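Subject: Structure for you to look at

Hi,

Here is the structure I promised to pass on.

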Amino acid sequence: SLSKEKTCFIANCAKITNNVCVQCKEGFTLDDKKLCRVSDKNCVEFDEDRTMCTRCIKGYRLDDNNRC
């Protein structure tokens, strides 16, 4: 998608090369489509885009950043 500055923006991406994400922000992993998906071993349910945890395993709860 485009940012407010009309530049290429890939959600949760830390480094973009040739319009492709090559490195995700901490807590995210690069999938086969070169998109950053949340990486949380204590999460059991994610939002539709898999960019945010919506439910944790028993004994954990979501913090303000939607992490378990």
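**What I found**

Let me start at Cys68, which counts as partly exposed because its relative accessibility is 23%. Partly exposed is the class between buried (under 20% relative accessible area) and exposed (over 50%), computed with a 1.4 Å probe on protein chains only.

Before going further, a word on the ground rules. This is a predicted model, in which local features need pLDDT of at least 70 and side-chain atom pairs count only at pLDDT 80 or more, while totals for chains, interfaces and linings use all residues. Residues are numbered from 1 along each chain as its sequence is written, and side-chain values use heavy atoms, with hydrogens and water left out.

**Confidence and layout**

The pLDDT, which is the predictor's confidence in each residue on a scale from 0 to 100, averages 86 over the protein chain, and 88% of the residues reach 70 or more.

Of the 68 residues, 22% count as buried. The accessible surface of the protein chain comes to about 5400 Å², and carbon and sulfur atoms hold 46% of that. These areas come from the Shrake-Rupley method with a 1.4 Å probe, and for residues only the protein chains shown count as cover. Contacts (heavy atoms within 4.5 Å) between residues at least 6 apart in sequence join residues at least 24 apart in 11% of cases.

**The disulfides**

How many disulfides does the rule give? The count comes to 4, taking a disulfide as a pair of cysteine sulfur atoms within 2.5 Å. With bonded cysteines counted along the chain, the pattern is 1-2, 3-4, 5-6, 7-8. I will take you through some of them in sequence order.

Cys24 is joined to Cys36, with an S to S distance of 2.1 Å. This pair links distant parts of the chain: Cys24 sits in strand β2 (residues 20-24) and Cys36 in strand β4 (residues 36-38), 12 residues apart. The link of Cys24 and Cys36 is left-handed, with -90° about the S-S bond. Cys24 counts as buried because its relative accessibility is 13%, and Cys36 is buried too, at 3%.

Cys43 and Cys53 also form a disulfide, with their sulfur atoms 2.1 Å apart. Here the two distant parts of the chain are strand β5 (residues 43-46), which holds Cys43, and strand β6 (residues 53-56), which holds Cys53, and the two cysteines are 10 residues apart. Is the link of Cys43 and Cys53 left-handed or right-handed? This one is right-handed, with 105° about the S-S bond. Cys43 and Cys53 are both buried.

That brings us back to Cys68, whose sulfur atom lies 2.1 Å from that of Cys56 in a disulfide. Cys56 is in strand β6 and Cys68 in the segment after β6, so the pair ties together parts 12 residues apart in sequence. The torsion about the S-S bond is about -100°, and therefore the disulfide of Cys56 and Cys68 is left-handed. At 11% relative accessibility Cys56 counts as buried, whereas Cys68, at 23%, is partly exposed.

**Charges and a nonpolar patch**

Side chains of opposite charge can pair when their charged atoms come close. A search of the whole structure finds 2 salt bridges, each a side-chain nitrogen of Lys or Arg within 4 Å of a carboxyl oxygen of Asp or Glu.

In one, Arg37 pairs with Asp31, and the closest N and O atoms are 3.1 Å apart. Asp31 is partly exposed, with 22% relative accessible area.

In the other, Glu45 pairs with Arg55, with the closest N and O atoms 3.2 Å apart. Because Glu45 lies in strand β5 and Arg55 in strand β6, the pair ties together parts 10 residues apart in sequence. Glu45 is partly exposed at 38%, and Arg55 is partly exposed at 44%.

Finally, Val44, Ile57 and Tyr60 make up a nonpolar patch on the surface, with about 250 Å² of accessible area together. Patches are made of residues with over 30% relative accessible area and no salt bridge; like charges are joined within 9 Å, and nonpolar side chains (Val, Leu, Ile, Met, Phe, Trp, Tyr) within 5 Å. Ile57 belongs to the segment after β6.

Best wishes

Key
Helices (H or I, at least four residues) and strands (E, at least two) are DSSP runs, numbered from the N terminus.
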